[in-house]
Amino acid sequence: MSHQPAIPALAAADPEVAGLVEDEAKRQHEKIRLIASENYVSQAVLEATGTVLTNKYSEGYAGKRYYEGQQLIDQVETLAIERAKSVFGAEHANVQPYSGSPANLAAYLAFAKPGDTVLGMALPDGGHLTHGWSVSATGKWFTPVRYGVGKETGRVDLDQVRDLAREHRPKLIFAGGTAIPRTIDFPAFAEIAREVGAVLVADIAHIAGLVAGGAHPSPVGHAQVITTTTHKTLRGPRGAMILSDAEHAKAVDKAVFPGLQGGPHNHTTAAIAVALGEAAKPSFADYAHAIVANAKALAEALVERGYDLVSGGTDNHLLLIDLTNKGVAGKPAAQALDRAGIELNYNTVPFDPRKPFDPSGIRLGTAAITTRGLRPEHQPQVAEWIDRTVAAVAKDDEAALPAIAAEIRELLASFPIPGYTA
Ligand SMILES: *Cc1c(COP(=O)(O)O)cnc(C)c1O
């Protein structure tokens with residue numbers, strides 16, 4: 001049983017860290033990982049992140065660096081950029097942002113001034129912190145206006161987006177979020193942004209892999225600027241990219257460097273190139289569509305068991321469940337599910353009467369289990385395990401959990417993961 005690639009030098013030099021890494025690999029093997037923003041990257045991506053490219057400083061861009069010795073780094077970064085442009089059909093790509101949050105900050109720096117009005121989705125309705133939520137720098141340094149979902153529909157309220165945009169004339173409009181189970185209507189957002197003269201930023205952090213695989217409509221051609229993480233459904237290393245049209249390219253690049261960052265993480269850039277190479281293959285489209293098929297099957301099985309899904313279901317990889325009708329809050333449910341071998345997160349639901357640190361819901365995603373090879377026919381069993389655990393929480397029956405964890409380990413034994421040999 002060990003981490004792959006093997007880590008013998010680490011084990012010899014620092015058994016304490018190596019032991020934790022080995023245990024984490026085992027943990028990732030033994031659990032049904034349903035955290036909507038997580039995945040299993042390929043062994044090739046893992047290897048690329050562990051290379052000597054981490055040794056190199058390369059502030060600037062290919063052909064215009066501030067340090068010497070860029071003969072090979074320039075090629076690595078250019079490869080990542082060209083693959084990003086090709087996979088997404090974008091005119092420009094910047095692959096240097098350290099992660100999704102700095103990528104979004106770069107969009108602010110490029111196209112807004114401190115104090116300017118920005119329109120984004122409210123966090124409790126499914127938006128991200130960096131879309132102008134008050135505790136985020138983006139909510140403190142800019143003037144945020146927030147849209148949400150309709151109370152009846154649980155879907156983005158585009159009438160509200162249009163009304164707020166007309167009233168407040170934002171510099172930036174963010175489309176996208178972290179807990180949106182439905183298709184994002186990029187053409188509708190684009191029409192609103194055009195009308196009020198705002199730059200539309202599509203934040204596809206969660207759905208980038210679905211977009212790349214043709215399982216969600218693309219924002220390219222609708223949003224001038226597209227930010228994304230590379231580590232969620234896209235299944236690359238922890239990192240981010242900004243795609244844009246040619247007109248906004250220069251401002252994006254200047255904002256990332258020298259605006260916000262110093263040297264790019266070249267080992268990450270190489271791994272992004274590898275992940276994009278994988279995303280260009282036909283098998284990636286199969287994976288993207290299988291994610292959605294798994295999510296729909298899981299949603300259906302949970303609805304059959306009386307679960308209250310925000311918006312009633314899902315179009316993508318993500319399910320948001322309000323547990324109020326089960327008499328259980330999100331946090332104790334998430335914690336018990338983790339002990340039962342199912343890893344997910346507690347989450348606010350729209351119009352949640354409870355506090356963000358102790359909300360009413362849980363959020364689930366099917367990217368990681370799809371990578372692992374689970375299919376729609378497995379989802380009724382996953383739903384049964386979730387239901388049995390939630391029922392145990394309601395009855396305060398901690399003793400029911402180890403049996404569930406054992407059943408899960410047994411199923412998963414025949415679904416190997418990259419990064420670990422059992
Ligand atoms: C995850 C996420 C981010 C932030 O990414 P980090 O890499 O965690 O900083 C930004 N926007 C959205 C919509 C996200 O889901």
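How far is an oxygen atom of the ligand from an N or O atom in the side chain of Ser-99? The distance is 2.4 Å.

## Basis of the model

This is a predicted model, in which local features need pLDDT of at least 70 and side-chain atom pairs count only at pLDDT 80 or more, while totals for chains, interfaces and linings use all residues. Residues are numbered from 1 along each chain as its sequence is written, and side-chain values use heavy atoms, with hydrogens and water left out.

## Around the ligand

The ligand is surrounded by 13 residues, of which the closest are Ser-99, Ser-101, Asp-203, His-206 and Lys-232; a residue is counted here if one of its heavy atoms lies within 4 Å. By class, this shell has 1 nonpolar, 10 polar and 2 charged residues, where Ala, Val, Leu, Ile, Met, Phe, Trp, Tyr, Cys and Pro count as nonpolar, Asp, Glu, Lys and Arg as charged, and the others, Gly among them, as polar.

A backbone N or O atom of Gly-100 lies 2.9 Å from an oxygen atom of the ligand, and a polar side-chain atom of Lys-232 lies 2.7 Å from a ligand oxygen atom. The protein covers 86% of the 380 Å² of accessible area that the ligand has on its own, as computed by the Shrake-Rupley method with a 1.4 Å probe.

## Charges over rings

Arg-235 lies over the face of Tyr-287, at 3.9 Å from the ring centre, and Lys-151 lies over the face of Phe-351, at 5.0 Å from the ring centre; such a placement requires NZ of Lys or CZ of Arg to be within 6 Å of the ring centre and within 35 degrees of the ring normal.

Key
A polar contact is a pair of N or O atoms within 3.5 Å; within protein, one must be able to donate a hydrogen and the other to accept it, and residues adjacent in sequence count only if both atoms are side-chain atoms.
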